[in-house]
Amino acid sequence: MDPAIANVFQLEQSTGGMTLQDIILVVRKILFEDGKDLVLLIEDFQALAGIQDVLLKVCIQEGEYEGKKVRATMRTAIALTDGYLAFRDTILTRAQREWVIGSHAQSDGEIKAGVIEMIGAYLNAARWGEQELRRLFKQRGSEQSLADWIPVWRDEDLGEEGSEAVPAFGFNTKGVSLFPFNRNAIEQLAERHLSEGARLIFNPRRVINEILRHTLLMRQSYEAGQFPPSDFQEFRPNATIANWIRQSHQAEQTSRRLATLLAVWGGNPVDVAAIGHIPPAVFTTFRLPTPADIANIPFVPEPPRVKVPGSNPIKPLETERDDWTSPVVPTVDPEMEKWRTRLEAWAAGTQFPQKEANDVRSALFAMMKDALNWPSLRMREPHLRASWITIPNARGNPQSGRQLKLCDDHLDENGTVRAGILGAIRFAKEKRWTYQGADDDYVASAALVDHLLSQMTPLIVEDAKAEAAALARSLVTQSRIAGLAPPIRPSGADATLAALFAKPEPKERQAFEDNWDKMRDTALGYIGTKSARDVLQSELLERVASFQGAGGKAFAVDIARLFDVITEDAVPEAVDRLPDEVKAFIRPLGEARLWGQLTQIVAKLRDFRTHINEFLDEKFDKTGFVSDLQEIIRLLSATGSFPSDWPTNLRDFERRLVEFQASPIVDLVTKAATIVDEADREQIPKLLNALGSLDLGLIGRTMEFLASTNTLIAAAEKSVAREEADRSQADPETLCREIGTLLEIVGGSVQTAEAAQ
C-alpha cells in the first residue's frame, strides 16, 4: 500500500526528486557535524501511510560505516496498535525496548464497558471544545490526575424536550450523556467492528474511526430528520423485529429507518415485548413513531444500569428504587438460540455451513411433503428430494437440475425467511404444534412452505404428465400390436380409455414372421411376474388418478390429463424417471426400435403379394378354384394317378383347402397390399394398427397352402403323363390282334396236334 499511496501523492516530485530516506540521511549528517542526535517520536504510525515502509528502513539504518561514525545517532519511539504492523517482529529485533499497554485479557463484557467509557469521554471532550479543554487543563489542581481533570459537560439550556431526550440515551459511569449513542448502540457497533474470530479485541483506533467518527459525521442527516439512515453501517434487524416492522405497515423509508434504530439503538431484541423497553424519546428524537403509536406497545423502563453521580439538572426517566426485582426471564432453548444466531449471521452475509443448510432443507422438505394433497393433484407421491431446495449464501446447493429457490437473496429485509426457517427447525425438533410459540412458527414456516410448493407443484405435475405420456404411448402401442386398433389420435373418453385399459384377447403365435411374434411376445409379455399391461396401467394411474391413502384402487381419473398425454411423445428424461423394470420394458416399444423389426415383416408381406398374384387376378373365382382343385384330387385318386412323391399329407391339404375356401382371401390380399404400399416410418401407429388387425397366421398358412397346391399340380401333371403313356401301350385293338394272332397260333398248333394223332 505504501508505494501506491506515495505514487498517488507524488511524494518524490514534491521534494525535488529526493526520497524521504535521502532527506533524513542528510539531516543526520548535519546533526552529526553539530554533535547532536536525531530523536523521532511517532504518535500515530497509521497516519503515516505512504512513508511507513521508508521510515522504518531509515529508523534501523546504522550511523557507522566501515567502523567509522558518519551520521548522527537516531533514536525512535513508535506508538501503534496491536496487529497493525504485520512485520513487527522484524523491527523488534532492532529495537531496544518494547512497552505493551493494556494487553491483559478482557472479557467481551469488559471490552464493551471500556468502549462505552471511551466514547463517553470523547463525547464529553468534544462538547467542551478545544479552547475550554486547554483552559481546564491549565486550571487543573495538582491533586488531579491526567484522567479526571475534565468535568462532565452540562447543557443548561436543554429545555423540557431535551431534558427528556438526553436521559433516554443513557450515560456512562461518570454521568456523561451518550447521545447520539446509547449503550445498546455502542455494544452493537463494538460487536460489528471489534470482533475477531469468536471474541472482541479492543482496538481504540477502530472505536474512534468506525464507531465514533463515522456516526458523528452524520450530523447533517440528524438535523434533516433522516438519522439514523436506513443503510446505517449495513445493520439489519433480526427476523422477529423485521417481521414486526413488516406487519406495522409503515411507509417504506420509515420502516427501513425503524429497522436500523431497533437493530442498533434497540439492541436487536429477539422478543417483540422487549421493544417496550426502548424509551419513546429515542424514537421521537429521531423523528420516528414510537412502539405505542405503531402497535400499542407501552413503555416499560428497564432497571438503570448506572447511577448518575452528583447533581444532574436533567430529568430522570423514573424515580430511583432501592430494590429492583429481577424480571422473569423466559426459558431459552440453547439449541434454538444457536440457530437464531446462525440465521442472523447468515442474513448479515456469513455463509451457511453445509450441515446446517441440509438441516434447513430437511425440515422444510418434511413440511412440504405433509402439506401436499396428492389426491387433489390426481397422483401418488413421486420421488422427491430435499436437495432441490436452494438457499442463498449457503453450501450444498444443487449446481444443476431441479432447483427450488427458498428466497431471492440472504438479506431477508422483513425477517420472514429467518422466522420461517427457525419455525421449521423448531417444529422438526418438537414434532407437534403444541409448544409455546408454535402458532407463530406455523404461520412463519407455512409462508416458506407455500412459496416452495408454488414452485414444486407445477414441476411434479409436469413430471407426472411426461411420465404418463411415456406410459400411455406404450399402452397404446400394446393395443395396436394386440389388434385392438385404437384411433391414430384417440379423442373422447371412450376411445381414450379403450386404448389404454382395454384387455386384448389372447392369440396363438401366428408363425408368419419371427420378428412379429417376438414383437407381440415383448409387447404383451411380463414385467417381473406380472402382466406388463397391468403394470403399465398401474403406473399410469399413479400419475393421473386419485387414491385413498395407500390403497391400490383409483377412485377418480383425470381424463383431461389423459387427453393431453395420450397424444404426446415420450420424453427420454421422463422415461429415465420410471422404475428400472418399467423403463427396460418401455424402451423396445419406441418407434425407432420397432421400425427395424417392422421392415422385415413388410418385406415378408411383399413376398406374399407377389406370390399370390400368380394365382389371383381381377377375374379370380375362389369358389371355382376350390371346386376345380377338389375335382382334380378326386380324379387323381379315382384313376390311381395321385403322385406318390407329393410331400404333403392329403388330409392336411384337404383341411387347408377347406380353410382357404372359408377365408376372406381377397380382403386379406387387399389389406396386405395396402400395408406394403403405405408402409412409412412416419406412420408407424397406422402400420401397427393394420398389422395387429391382420391375421398374419392365415397369410402364412395361405402361402403354404398355395405352395403345396403348386407342388401338387406339378407332381400330378407328371403322374398323369406317365399314366397316359402306360395306357397308350395297352390299346384294345392292338391287344385284340395280338390275342387273335396268339389264338390263331394256339389254334393252329391244336389242329396240327390233332392231325398227327
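Tutor: Start with two terms. Contact means heavy atoms within 4.5 Å. Helices (H or I, at least four residues) and strands (E, at least two) are DSSP runs, numbered from the N terminus. The model is predicted, so local features need pLDDT of at least 70 and side-chain atom pairs count only at pLDDT 80 or more, while totals for chains, interfaces and linings use all residues. Residues are numbered from 1 along each chain as its sequence is written, and side-chain values use heavy atoms, with hydrogens and water left out.

Student: What covers the buried residues of H8?

Tutor: The cover includes helix H9 (183-194) and helix H14 (280-285). H8 spans residues 159-169, and its buried residues are Gly-162, Ser-163, Ala-165, Val-166, Pro-167, Ala-168 and Phe-169. Gly-170 follows H8 and has a positive phi, near 85°.

Student: What makes Leu-589 count as buried or exposed?

Tutor: Take the cut-offs: buried is under 20% relative accessible area, exposed is over 50%, and partly exposed is in between (1.4 Å probe, protein chains only). Leu-589 has a relative accessible area of 6%, so Leu-589 is buried. Leu-589 sits in the loop between helix H26 (580-586) and H27. Apart from neighbours within four places in sequence, Leu-589 contacts Ser-474, Thr-477, Ala-523 and Leu-594. Thr-522 is 67 residues from Leu-589 in sequence, yet the C-alpha atoms are 8.5 Å apart.

Student: And why does Gln-537 count as buried?

Tutor: Its relative accessibility is 13%, so Gln-537 passes as buried. Gln-537 lies in helix H23 (residues 532-544). Beyond four places in sequence, Gln-537 is in contact with Leu-475, Leu-500, Phe-501 and Ala-502.

Student: Why is H27 called oblique to H31?

Tutor: Axes are lines fitted to C-alpha atoms, for helices over the stretch in contact, and angles run from 0 to 180 degrees between N-to-C directions. Under 35 degrees is roughly parallel, over 145 roughly antiparallel, 65 to 115 roughly perpendicular, and the rest oblique. The axes of H27 (residues 591-613) and H31 (residues 684-693) cross at roughly 50° and come within 11 Å. That makes H27 oblique to H31.

Student: Which residues in H27 and H31 meet?

Tutor: From H27 come Glu-591, Leu-594, Trp-595, Leu-598, Ile-601, Val-602 and Leu-605; from H31 come Ile-684, Pro-685, Leu-687, Leu-688 and Leu-691. By class, this contact has eleven nonpolar, no polar and one charged residues. Nonpolar covers Ala, Val, Leu, Ile, Met, Phe, Trp, Tyr, Cys and Pro; charged covers Asp, Glu, Lys and Arg; the others, Gly among them, are polar.

Student: What makes H17 roughly perpendicular to H19?

Tutor: H17 (residues 354-371) and H19 (residues 416-430) pack at about 80°, with axes 9 Å apart. That angle makes H17 roughly perpendicular to H19. Asp-359, Val-360, Ala-363, Leu-364 and Met-367 in H17 meet Ile-421, Ala-424, Ile-425, Phe-427 and Ala-428 in H19. The contact of H17 with H19 has nine nonpolar, no polar and one charged residues.

Student: Where is pLDDT under 50?

Tutor: pLDDT is the predictor's confidence in each residue, from 0 to 100. The protein averages 83, and 86% of the residues score at least 70. Residues 306-329 stay under 50, with 34 contacts beyond four places in sequence in the model. Where pLDDT is low, the predicted coordinates should not be read in detail.
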